[in-house]
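Welcome, and thanks for taking a look at this one with us. Below is a short briefing to read alongside the sequence and the 3D view.

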Amino acid sequence: MAGYGTNFIIVGAGTAGCVLARRLSEDPHARVTLMEVGGPASDPDIADPAKWPFFAGSAVDWGFRTTPQENTDGRIHDWPRGRVMGGTSSINAMAHVRGHPSDFDHWAANGCTGWGFTDLLPYFIRSETSAYGSSPHHGNCGPLRLMQPDDPHPLTRCYMAAAEELGCIPTDEHNGACMTGPTLNTLTIVNGKRLSAADAYLEPARSRENLEIIDQCLVDKLLLDQSNRCRGVVYQQEGKRHELHTDGAVILSCGAIGSPQVLLRSGVGPADELQELGIDITADIPGVGKNLHDHLLSGGNVYLSKNPVPPTRYQHSESLLYVDRESDCAAPEMMFACVVLPVTTEQFTSPEPGAAYTIMYGVTAPRSRGTVRLQSTEPDAMPLIDPNYLSDAYDREVYVEALDFARNLGASSAFDEWCEREFLPGPGVTSLADKQAFNTRAAYTHHHPVGTCKMGTGTNAVVSSDLAVSGTENLYVIDGSVIPKITTGPINAAIVAIAERASDLLLGRQFLTAEIP
Ligand SMILES: Cc1cc2nc3c(=O)[nH]c(=O)nc-3n(C[C@H](O)[C@H](O)[C@H](O)COP(=O)(O)OP(=O)(O)OC[C@H]3O[C@@H](n4cnc5c(N)ncnc54)[C@H](O)[C@@H]3O)c2cc1C
């Protein structure tokens, strides 16, 4: 890390931004300013784990929507993202899954030196206080308190038994020795309340004298001098334009949709796109906004229930199941979740809550790649988000296989007490063509966009292994956008670990090490 002093401006108080604000301000010589467009998480529903599905379109959601998706019947998909302290960790489903070790080793083997599983394990451990604290996989004094449901829903138990019936070997938890097999979800819920990154990381650090938090400010662009050294940011607050200057580093933690937008508005991105919008080119970096990808989920394989389905005591999805498709594949390629509500897309009529349950199915390593682009230079204009869902044949193939596996789970005798009949796709959907057609209508975001400021080397790389933006100085991106290839599990835990390790990188501290158990 070349001498920028110990002053930091962090833009975005989401998952990564909250981790960074706390860790960087632990250094008494550092001065940290955290900037966030959203306000405090004052809506009491944010704390209620069961309310997370209802934030889309609310005041704490950016309200992003995709462009019409050619391979999902021309549909436009809602893409909620948190616009509030804690960012998307304040509206997410609270599942804490690190990913498969081979995910990170793949990053390291592809130019992300220092980001393999051995490098990240000590940071996963540092981030958590886990029920498995005595295990070498886990930590017992980190900010994120993790739990597993102690009183799972009866349908969750049937679902895990169904997986065993299909030959899946149970595992203790997703973040230990083995990710595959039925097990209870690991959740960031404490005493029945959501624990966001803001709750876990920011609140305990809020009163530090070297940490300033500026909320309700929209960062428009970066101040870059003639040698492309970042000198600060331009932002809007209460309808006025302001500048904040620094002799230190500026860190973008605006997420996979927000960070590329700030770079593009600042003239850092593909020259042709910037020219079209009349933006002066600061650094021609073709990869900004490219490589967008997301786990594909489904809404869903729905079953009518014989009995009224009791409400969840947690967040509706108390177990995840990762399944290998081919035995020689490094990481499981399919995931399943039993949701104790009916979950459908806008394409289908949904049964009432309490009358049905859903087996959601997904593709863990999608190969389709899309883009985030600007449609205007205005900082509050909606971007053009094109995930290009199901454009790759592999994704379409695994998605059908996952639907078949979900239906086998649903048909298992383990559900005999509950299953009245399959409601979706329904008995008429049997041919490959019918299943593919159903999937185009059932495709649904898993809410895990990544990759738009890709870390590494080569095509579409935006940041190097030290997370510095190419062609600039004193400018970093640290959030889900740097993930070069999506992890097998939900991404929040990986983003926490990235920010944990990045804080040591920025402060020039010695990296932690851990033995691989
Ligand atoms: C409905 C839903 C359910 C999910 N469930 C799970 C789950 O169960 N498990 C899991 O692991 N992951 C889940 N995720 C995904 C996960 O929570 C996010 O990927 C993660 O929080 C992203 O972290 P981040 O730091 O990259 O960005 P964010 O947390 O999105 O943070 C970005 C922050 O920057 C702010 N910002 C953006 N632009 C600007 C600007 N120009 N000026 C000022 N501020 C700005 C935003 O308001 C936001 O606060 C879910 C996501 C959603 C939407």
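**Around the ligand**

A backbone N or O atom of Ala93 sits 2.9 Å from a nitrogen atom of the ligand. Keep in mind that this is a predicted model. The notes below begin with the ligand and then turn to a sheet that includes strand E11, one of the elements supplying at least two residues of the shell around the ligand.

**Backbone contacts and burial**

- Val219 also brings a backbone N or O atom to 2.9 Å from a ligand nitrogen atom.
- For Val37, the distance from a backbone N or O atom to a nitrogen atom of the ligand is 3.2 Å.
- The protein buries 97% of the 1000 Å² that the ligand exposes when taken alone.

**The shell**

- The ligand is surrounded by 37 residues, and the closest are Thr15, Glu36, Thr88, Ala95 and Asn492.
- At least two shell residues come from each of helix H1 (15–25), E11, helix H6 (255–265) and helix H10 (492–507).
- H6 gives the largest share, with 3 residues.

**The three-stranded sheet**

- Strands E11, E12 and E13 form an open sheet in the order E11-E12-E13, with antiparallel pairing.
- E11 (218–224) and E13 (240–245) are the edge strands, each with a single partner strand, so one side of each has no neighbour in the sheet.
- From one strand to the next, the twist averages 25°.
- E12 (residues 230–237) and E13 run antiparallel and are joined by 6 bridges.
- Gln237 stands opposite Lys240 in E13.

Notes. Residues numbered from 1 in each chain as written. Predicted model: local features only at pLDDT ≥ 70, side-chain atom pairs only at ≥ 80, totals over all residues. Heavy atoms only, no water. Pairing = 2+ DSSP bridges. Helix = DSSP H or I, 4+ residues; strand = E, 2+ residues; numbered from the N terminus. Axes fitted to C-alpha atoms, helices over the stretch in contact; angles between N-to-C directions. Near = heavy atom within 4 Å. Polar contact = N/O pair within 3.5 Å; in protein donor to acceptor, adjacent residues only side chain to side chain. Areas by Shrake-Rupley, 256 points an atom, 1.4 Å probe, with all protein chains shown as cover.
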